[in-house]
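Welcome to the tour! Open your viewer, get ready to select residues by number, and follow along stop by stop.

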Amino acid sequence: MVYVLLGTGFEETEAITPIDLMRRAGIPVMTVGINGKTIYGGHNIGVEADITIGQMDLTELEMLVLPGGLGGVASIKASTEAMDAIRFAFENGKWIAAICAAPTILASLGITDGRRATCYPGCEAEMGSAIMLSDAACTFDGRIITGTSAGCAVPFGLSLIAALKGQQASDAVARQIVIR
């Protein structure tokens, strides 16, 4: 199961685009509301989460996705359950994907130390000892995937598919949505 953490103020494009792409690829995805069931993103778009954070079953976790947006990042950092889920994913060799400002959450936990990563321009100072690839739309390092921004949500989403189902599945979805 892929869980996408949604906290108040999340960046809508960085959440919805990867969710849509993964579901097109047949990947089971559930949205997880940190601050309740209906979560409002940074642009005041309300999303009805599939479950709340207390309903997440970490024994089914395959990947944890962290959208950016400064409010969403603050919501994740303020949630003990969300931070514990991130630690669990890392300690148990699960995929962790973070985009925009969300890689700074991973850095605050030491997860990106010595790893290749990218983040929203201007957040690099919060990335600790990560090896920053500022020109990359997204990066892989082991089971950690980081993305740059809302403008990189499609390549980020396609990289999540490649991680979970292989490059052929990712390429098939890219053809379906007519990437040019």
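**Stop one: a salt-bridge network**

Select Asp-141: at 13% relative accessibility, this residue counts as buried (buried means under 20% relative accessible area, exposed over 50%, partly exposed in between, with a 1.4 Å probe and protein chains only). The model is predicted, so local features need pLDDT of at least 70 and side-chain atom pairs count only at pLDDT 80 or more, while totals for chains, interfaces and linings use all residues. Residues are numbered from 1 along each chain as its sequence is written, and side-chain values use heavy atoms, leaving out hydrogens and water.

Salt bridges that share partners join Arg-115, Arg-116 and Asp-141 into one network. Between Asp-141 and Arg-115, the N to O distance is 3.6 Å.

Next, pick Asp-20 and Arg-24, whose side chains meet in a salt bridge at 2.7 Å, N to O. Both lie in helix H1, four residues apart, about one turn of the helix (helices are DSSP runs of H or I with at least four residues, strands are E runs of at least two, and both are numbered from the N terminus). Asp-20 is partly exposed at 35%, and Arg-24 is partly exposed at 41%.

**Last stop: a threonine in a strand**

Finish at Thr-31 in strand E2 (residues 29-33). Is Thr-31 buried or exposed? Its relative accessibility is 5%, so Thr-31 counts as buried.

Key: Salt bridge = Lys/Arg side-chain N within 4 Å of Asp/Glu carboxyl O.
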